Amino acid sequence: EVEDEATLFARWENGATGLFVTSTGDFPGTNRLEIDGTAGKIVLEHSKLSLETFEPDERVFRYDESKKPKETKKEEFTFETKGSHAKIIENFTEHLLNGTPLIAPGRDGLNQLALSNAAYLSSFKNKEVALPPDEKEFEELLEGLRKKSAEKEAKKTTPDGKYKSRWQVNW
């Protein structure tokens, strides 16, 4: 009664759209962040950040091929990666000791939880849901799911507590 994958489609008030796809059962796994805009694209994958920009804005040449850019500008940056969780814990320690700004403040976690709750609500109710989702409606959904839930027999194996390499986030 848990999910191994999720696909979320988002629409902003200004008409922009977004797609988020994730899975915990995708071997060997893909860690990629891609943001496409009307003036370029950013891709983060395998310790490499690439930025591709073009002029004019895509909204200018969308309907007129003669205005399409002949050339795009592409820049690539590589950086040392450190396990995402290790970096966040290190940053939190630096925040406590030296006042370093947090890279993952608690407010971000609450925003991510609101997004997750809205996705569940949207999926189960089969309707679009605005952010933040209606907390009462979400609680009612959870209560209904709890009532339908069936207990599963626990696995008889005891994990060693060490994640295998495939579960490491490799930004």
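This briefing covers the aromatic pairing and the salt bridges of the structure above. The model is predicted. A search of the whole structure gives one aromatic pair, and the salt bridges number 14.

**Aromatic pair**

- The aromatic pair is formed by F54 and F61, whose ring centres are 6.0 Å apart.
- The planes of these two rings stand at 70 degrees, and edge-to-face pairing requires over 60, so the F54 and F61 pair is edge-to-face.
- Both F54 and F61 are buried.

**Salt bridges**

- Side chains of opposite charge can pair when their charged atoms come close.
- R32 and E34 form a salt bridge in which the closest N and O atoms are 2.6 Å apart.
- E34 has a relative accessible area of 32%, so this residue counts as partly exposed.
- R32 is also partly exposed, at a relative accessible area of 40%.
- D57 and R59 form another salt bridge, with 2.9 Å between the closest N and O atoms.
- R59 has a relative accessible area of 52%; the cut-off for exposed is over 50%, so R59 is exposed.

**A link between distant parts of the chain**

- K127 and E137 meet through their side chains in a salt bridge, at 2.9 Å from N to O.
- K127 lies in the loop between α3 (106-125) and α4 (135-148), while E137 belongs to helix α4; the two residues are 10 residues apart, and the pair links distant parts of the chain.
- K127 is partly exposed, with a relative accessibility of 39%.

Conventions
Residues are numbered from 1 along each chain as its sequence is written. This is a predicted model: local features need pLDDT of at least 70, side-chain atom pairs count only at pLDDT 80 or more; totals for chains, interfaces and linings use all residues. Side-chain values use heavy atoms; hydrogens and water are left out. Rings of Phe, Tyr and Trp (its six-membered ring) pair if their centres lie within 6.5 Å; planes under 30 degrees apart count as stacked, over 60 as edge-to-face and the rest as tilted. Buried means under 20% relative accessible area, exposed over 50%, partly exposed in between (1.4 Å probe, protein chains only). A salt bridge is a side-chain nitrogen of Lys or Arg within 4 Å of a carboxyl oxygen of Asp or Glu. Helices (H or I, at least four residues) and strands (E, at least two) are DSSP runs, numbered from the N terminus.
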